[in-house]
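Please open the model in your viewer and keep the selection tool at hand. The stops below say what to select and what is there.

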Amino acid sequence: MATDYDAPRKSAEDENESLEALKERPEAGASTMNDVDADNLGFEMTGGDDISDVELDVVVLPQQDDEFTCTNCFLVRHRSQFDHDGQFGPVCAECSA
Ligand SMILES: [Zn+2]
């Protein structure tokens with residue numbers, strides 16, 4: 001009788017524990033937590049990790065001496081595309097057009 005009663009309780013506790021673990025993951029956005037179930041959370045966290053890896057690979061390109069970062073579109077531009085210094089720094093010709 002005791003074992004029959006314990007079995008379902010144990011699986012329910014396991015589910016709670018995995019949910020708690022998910023909620024404590026810092027990469028799980030607090031705003032998306034409330035409306036999604038555990039399956040969606042796992043999927044979103046995996047996708048987020050993949051995206052951050054890709055972004056790191058792309059962003060590490062060093063800026064060259066003849067380049068500047070446009071403060072409007074945040075793209076690295078060749079200085080031939082420099083138009084003027086804006087309020088926050090250089091602005092490219094494309095953004096000034
Ligand atoms: Zn720009």
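How many disulfides does the count come to? The count is 0 disulfides, a disulfide being a pair of cysteine sulfur atoms within 2.5 Å. Before going on, note that this is a predicted model, in which local features need pLDDT of at least 70 and side-chain atom pairs count only at pLDDT 80 or more, while totals for chains, interfaces and linings use all residues. Residues are numbered from 1 along each chain as its sequence is written, and side-chain values use heavy atoms, with hydrogens and water left out.

**Stop 1: the zinc ion**

Select the zinc ion together with C70, C73, C92 and C95. The SG atoms of these cysteines are its protein donors, at 2.2 to 2.4 Å. Donors here are N, O and S atoms within 2.8 Å of the metal (3.2 Å for Na, K and Ca), and sites may look incomplete because water is not among the atoms. Along the sequence, the donor residues follow the spacing C-x2-C-x18-C-x2-C.

Show the angles next: the 4 donor atoms make angles of 100 to 117 degrees, and the site is tetrahedral. For reference, the ideal angle for four tetrahedral donors is 109.5 degrees.

Now colour by accessibility (buried is under 20% relative accessible area, exposed over 50%, partly exposed in between, with a 1.4 Å probe and protein chains only). C92 is buried at 0%. C73 is partly exposed at 26%, and C95 is partly exposed, also with 26%.

**Stop 2: an aromatic pair**

Select F68 and F82. Rings of Phe, Tyr and Trp (its six-membered ring) pair if their centres lie within 6.5 Å; planes under 30 degrees apart count as stacked, over 60 as edge-to-face and the rest as tilted. The count by this rule is 1 aromatic pair. F68 and F82 are edge-to-face, with 5.5 Å between centres and 85 degrees between planes. F68 sits in strand β1 (residues 67-69) and F82 in strand β3 (residues 82-85), so the pair ties together parts 14 residues apart in sequence. Strands (E, at least two residues) and helices (H or I, at least four) are DSSP runs, numbered from the N terminus. F68 is buried at 8%, whereas F82 is partly exposed at 36%.

**Stop 3: a salt bridge**

Select E94 and R77. Their closest N and O atoms are 3.5 Å apart, and they form a salt bridge, meaning a side-chain nitrogen of Lys or Arg within 4 Å of a carboxyl oxygen of Asp or Glu. E94 belongs to helix α4 (residues 93-96) and R77 to strand β2 (residues 76-78), 17 residues apart. E94 is exposed at 55%; R77 is buried at 10%.

Methods. Four donors count as tetrahedral if all angles lie between 85 and 135 degrees; four count as square planar and six as octahedral if opposite donors are over 155 degrees apart and all others between 65 and 115; anything else is irregular.
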